[in-house]
Amino acid sequence: MKKLLLSALAISFLFTSCIQDDDTPIIIEVGGGVGPIVEDTVDKTGAITSSETWTNDKIYVLNQKVVVEAGVTLTIQEGTIIKGSPGTGSLASALIVARGATINAAGTATRPIIFTSTQDNIAVGQTAGTNLDENDRGLWGGVLILGNAPSSFKGDVDEVQIEGIPADDTFGLYGGDQADDNSGVFQYVSIRHGGALIGEGNEINGLTLGGVGTGTIIDNVEVVANVDDGIEFFGGTVNATNLFVWACGDDALDIDQAYSGTIDNAMVVLGEASDHGLEIDGPEGTTPGAFTLRNVTLVGNDVSTKGEYADFRSRATGTVENVYAYGFPDGKDVELDNNGVSQNYLDGLLTFTAWEIVGFDNSIFVEKVGCLQNCDDEDESNDIDEDKIILDPSFTERAANWTTMVEQGSQTVGADTSKFAWTYSNATAGLGF
Amino acid sequence: MKNNKYFAALFFFFLFVVFPSNAQTGTVVGLVTDGELNEPMAFANVQIKGTSKGASTDFEGKYAIEVEEGTYTLVFSFVGYTSSEISGVVVKAGQETDVSVTLQAANVLDDVVVRATARENTEAAILNVQKKSITLLDGLSSQSIKKIGASDIANAVKNVPGVSVQGGKYVYVRGLGDRYTKSILNGMDIPGLDPDRNTIQMDIFPTNIIDNVIVVKSAAAEYPADFTGGVVDIVTKDFPTKAEYSISVGAGFNPDMHFNDNYLDYDGSNTDFLGFDNDDRDRPIHRYQPIPSIASTTNVLTTLTDSFQKQLRATTTTSNPDFSIGFTAGNQYDVGDNKLGYQVSMSYRNETRFYENRIDDNWSKNQQDREETQLAPTRRSFGDESSNNVLLNSLAGLTFKTDFSKFKLNFLHIQNGESTAGLYRQTIFEAEAGGGAAPLTKDALLYTQRSITNGLLSGKHSFSEESDWSLEWKFSPTLTTVYDKDHRVTPLGIEDGTLILNPNAIGTPIRIWRNLNEVSWAGKADIDKKYEFASRPAKLKFGGAYTYKFRDFSIDDYTFVATGNQAVPRNDPNLLLATDNIWTPETDSGTYLAFGDIFDPVNAYEGEQRIAAAYISNEFNLSEKLKSVLGLRVEQFESFYSGRNQSREILEDELIIDEFDFFPSANLIYALNDQSNLRASYSRTTARPSFKEASIAQIYDPITDRTFIGNAFGNEFFDAIQPSYMNNFDLRYEFFGEGGQMFAISGFYKDFTDPIEVVFFPSASQQLSVANLGNAEVIGGEIEFRQSLGFLAPGLEKFRLNANVSVIDSKLEMSDVEFNLRTAAIRGNETVDRERELQGQSPYLINTGLDYANDDLGLQTGLFYNVQGKTLEVVGTGIIPDVFTQPFHSLNFTLNKKFGKDQRSAINLKVSNILGDERESFYESFEAEDQIFRLFDPGISFSLGYSLRF
């Protein structure tokens, strides 16, 4: 009897305490909801395990992560609209083209393929909605293409998990030894309003390219209003042309892990929340690799507290040539971040050619140093920093060799803006390309 | 639910006021132990010499005799056993005098009587259990706890040889971490305030409700199989022999932490001082509330954002010292021929900690330069951290005892609230060697509310005076909750002196709610049968146990972003969520809740564990000198998981671990002579992953910014986590001298199959996981002694030196995965050894103490030193180096003085960490300067307590 009594007692405390009441009401937004209801939509979730085609008479909705698995080809017709659903963490929506999978996304200048948010009221046949602008960031995730091309990873491992996918996920691996790896075609694609948070301090880039090889064709890609970087190259060898990035929350073009392809004809327009126009890192492991970046136009923003031209860090290795920059406020710079990258400059591994800047001369090029000791207390006066290593002449002085101060419009270098006439940015911001 | 403890308090307070104590007589009480089987001796005779007064022990070997004040001689006898005569037993009015003896079997039927004085007997009794026990165990009786002057078990138990206490709370046995140590309460599993640990924190039990603490170091079939280092059994008192009440008050002062003007605090709720939040920190919006984007034209987003508590940065104030208050009460009543007793204790503790310049750094090897051996930082953090910890603890027990049965009903509730406020200055290095540095400030305002509610109903039955059978059964439900309520973490970038939200480089302001509810139902039954084997007493034990545990865990979190350049209004984090600065459709600028940030099911799970066990063991004496226990336990362990995996597949009651195992054990003791034994034992044991470890929930630590990721299903690098199995061998020589002196030397060997280790996620320096990384062997030696200093000079006999030193060598043969990761990341002339130490195993352990006890003065004082060798805390994986916990030299002084009428008052003084050592863990790597993983300074603390018995 006693035993029974206690059981009853125990059960009662179990039920009173265990169930957490959630008595806060759910507020339903009346009339505020947007997005097309009338369209013929196709929901996509999880792995795509056999080849398929997405057609331009429908709207495809990405629910959480949609993964094109190895051996599978996803074909997206020109003019197709793909919308990512809201969600963060594991719920963040993204299209992931896994290693060994193929994407065949060939849009055209008049009928680009559009990745946007389910919040966007864009409808089949249109190239732009009307309810979102370049400040609407983070409404869904992004596009990730992963390949088998060589990259330089921490700890010299052969493959790693792509940024933006939790470390214990299994489908985010990239890297390998096939420099000519082919992930397919990605042409005339506009990616808008993405960058959902997937972990503390971890968001998805607009277009993430991880270990993508030279067999892949990437040209005419636009990224607008992403929370994180516009386009980030994690290692790999792929070449890319005609890239346009506008109003992203972090860096516009980002290079890491010894990316060793060529980026030709790229334009970056910073927004109010943007960080660097270019953020160029070097190898993370001991495998080397050098990029080429040429014919680039950088447009600054005078509201952003960050909004620098470019940051070269951690033994960045490559060539930057024919750069035109305008619209940057005073105090913004092109910096060599620490001794590692400065040494690469001295060794001729990082070179600069033909920069034309509106309103500023070579003074925007600066050598910075890393902090070695006592960096983590409040007192900055006791910090022991690296010494500068580019001396007599200094980096700033040497920059005069490749820098010209120009008037806006009189530049002789930079991107061929006519190639961006097709973009949403051109249409929306009235850039007149 | 919360009200229960107040009712309990009221009820027992009533009892306490109503029954005052009185009497001109005193009581002699005690326990008679059967030296052959080392168990209570039922129905033994106790006679007060020269009087007609006497009693026989009950079925639990206990007796009580009421006599007038005076000095007596007691005679203990039992047929077939040597009688024992204890002289000089002083009985005082209204007091209890404990005289417990062990009777040995008589070899011949002559009239041998062992004679001792009361004092000799008392001291010997402390070691007697240990001396005669066949399993290797150490005990702390309530007497020896008093002697140590400890107010809680944590302070007491570290005086047990081979035991050390981590962080003042968790027990280590033989330098093995708490994964391999288990704590049980009254013989039943009890989850701790951190239910993912195998052990309960020891500092929550006041010593005056404890009957004894037993530390078992070698397994026996009747104990659960999931311990390897040791099991700590906390046994609460049944009831006192007479009305007994006590109150105690205490205060603690730490010059570094208290009355400090820089203390950080934030507005909590008005019940924080009682250890719970009064709902002020509840999640303000529904779990499934859709969050609109700023493309929206309604005020919903504004309303939702505005509903969160607005304080994000702590204010500075002056810190208070620690204080505590407690009372206990107990009494027994005769109910016909039977006895009914109760024992109740309540205590309240309020502790304030303030760590200035706490450091939590992340380092890695140089990423590009194979010749560079020095480490480079990836994230550094230093700052001030304040916390206020409230612990309310109530325990009530009711015992009903008849001639042949005892029923015990116990109720325990522990309520704990911990409020933390921190302000950290951090740097994130996105590139190598101090490059790509992004400076930031991080505010953290945290609250964690924990509770344990445990019931225990048990019965113990003997069937008649002649019966050889006895039965004991226990049934124990437990409810555990851990709620993280509104953890507010606000990292803000510093850009030319301006604070800005910078989601990409440094993270987003986040609010976290975590809910953990765990229910456990445990039951067991043990049956003993005494019989004769080769005409010597022998005992057969068998029984079974079943434990069912269910856990529900979920996380809700919300992040905030802002429009424009994301600068913090007026550089004040507390203005980020000020109503005026929240986004509205009209202004289209300000702070707002990130779109689509709703409940993520990957971080929620329901776990279920079922453990069914049965055992049989036989204790028999092969000869007069050789005793043995052979046992076999079988356990079926099943672990189920419901939730989603990373591929978003829904798992429903997925059986993720299913093991059926045999756990044999053998214990032998050979008496070389009356004073010395030789022991040998073997056992097979297991260690199982906790719910958290066998999940995939990502647990972010707002203070260290490290994330723990469970390993339920395996990943790119590691296979899914599995239980480990150990074979344990022990050999020990022990010598017991006069007056409780002893000396012992032991050797032990353990082999581990698939030990569970804490490991860095490869190439993610801020993520931790668990994995089975290889097989290990542990070999160790242990020396312990207790020696009176009387041999040096007369007059020093009241000084006693205790020492216990263990030296342990552990070797783990690493799997290919770890070896290859390490090999890929060698720097300079580094070579990778296939073997390394076992994570969590310290290479040495020293416990020493010098104490002075003068019972006439009621004075006990001592100086105690404890240190544990450098221990592998987190296994490195190539580019991320190993982390080692550094030795913490703990020197403590205690003084306990009784005074007043019948020495009913006592003061105790304690000085902790006299050497002022710091708690440190370092990254260590080949030819590299050590770098800080964690560092904080506990300072020197002083505490003073007063207690009164009446």
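In strand β41 of chain B, S769(B) is the bridge partner of V759(B). The model is a predicted one. Strand β41 (residues 764-772) of chain B is joined to β40(B) by six bridges, and the two run antiparallel.

Both strands belong to an open sheet of four strands in chain B, with the order β36-β37-β41-β40 and mixed pairing. At the edges stand β36 (698-700) and β40 (756-761) of chain B; each has a single partner strand, so one side of each lacks a neighbour in the sheet. From one strand to the next, the twist averages 25°.

Attention now turns to chain A. Strand β8 (residues 113-117) of chain A has five of its five residues buried, so the rest of the structure largely encloses it. The strand pairs with β5 (residues 81-84) of chain A in the parallel sense, and it also runs parallel to β12 (residues 184-192) of chain A. The table lists the pairings described here.

| Strand pair | Sense | Bridges | Residues opposite each other |
|---|---|---|---|
| β5(A) and β8(A) | parallel | four | I81(A) and I114(A) |

The nonpolar cores complete the account. The largest holds 278 residues, of which I96(A), V245(A) and V157(B) touch the most other members. A second, separate core has 21 residues, among them A44(B), Y63(B), I65(B) and Y72(B).

Technical notes: Residues numbered from 1 in each chain as written. Chains lettered and ligands numbered in written order. Predicted model: local features only at pLDDT ≥ 70, side-chain atom pairs only at ≥ 80, totals over all residues. Buried ≥ 20, exposed ≤ 12 C-beta atoms within 10 Å, placed from the backbone. Pairing = 2+ DSSP bridges. Core = buried A, V, L, I, M, F, W, Y, C linked by C-beta atoms within 7 Å. Axes fitted to C-alpha atoms, helices over the stretch in contact; angles between N-to-C directions.
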